[in-house]
Amino acid sequence: QVQLVESGGGLVQAGGSLKLSCVASGIIFSDKPIAWYRQGPGNQRDLVASISSDRRTNYADSVKGRFTISRDNAKRTVYLQMNSLKPEDTADYYCNVNYYSTNLKRPVDAWGQGTQVTVSS
């Protein structure tokens with residue numbers, strides 16, 4: 001069973017930093033692209049950043065230059081370093097991986113339970 005577990009959220013003042021972690025199990029981790037999404041109150045879930053198996057990265061315009069996504073395949077972990085945080089970064093942050101399910105015989109999206117980030121002004 002695929003499982004993603006996020007951690008590292010919390011309350012921080014504007015301008016501060018947090019580092020989120022996502023540990024994956026139940027999949028071959030190293031060949032999968034992994035993404036971070038976020039969902040603020042009353043908002044849809046939006047892509048924040050993604051990293052491919054060969055470590056190519058992609059960022060939402062709103063976080064470019066402030067957030068950095070990285071991965072450690074040996075630890076089966078993806079990180080999201082968040083600097084210069086703003087109140088508008090307040091959201092629940094989710095880790096995501098898309099994989100092929102041999103049981104369902106189709107691609108499946110797996111999500112973690114989320115970690116809450118609150119940035120005070």
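Accessible areas here come from the Shrake-Rupley method with a 1.4 Å probe, and for residues only the protein chains shown count as cover. On that basis the protein chain has an accessible surface of about 6600 Å², with 46% of it belonging to carbon and sulfur atoms. The model is predicted, so local features need pLDDT of at least 70 and side-chain atom pairs count only at pLDDT 80 or more, while totals for chains, interfaces and linings use all residues. Residues are numbered from 1 along each chain as its sequence is written, and side-chain values use heavy atoms, with hydrogens and water left out.

As for the fold, the protein chain comes out at 0 helices and 11 strands (DSSP runs numbered from the N terminus: H or I of at least four residues for helices, E of at least two for strands). Its radius of gyration, taken over C-alpha atoms, is 14 Å, close to the 14 Å that the globule rule (2.2 Å times the number of residues to the power 0.38) gives for 121 residues, so the chain is as compact as a globular protein of that length.

Buried residues (under 20% relative accessible area) make up 42% of the 121. Leaving aside residues up to four places away in sequence, Leu 80 touches, among others, Leu 18, Trp 36, Val 48, Phe 67 and Tyr 93, a contact being heavy atoms within 4.5 Å.

Key. Buried < 20%, exposed > 50% of the residue type's maximum accessible area, 1.4 Å probe, protein only.
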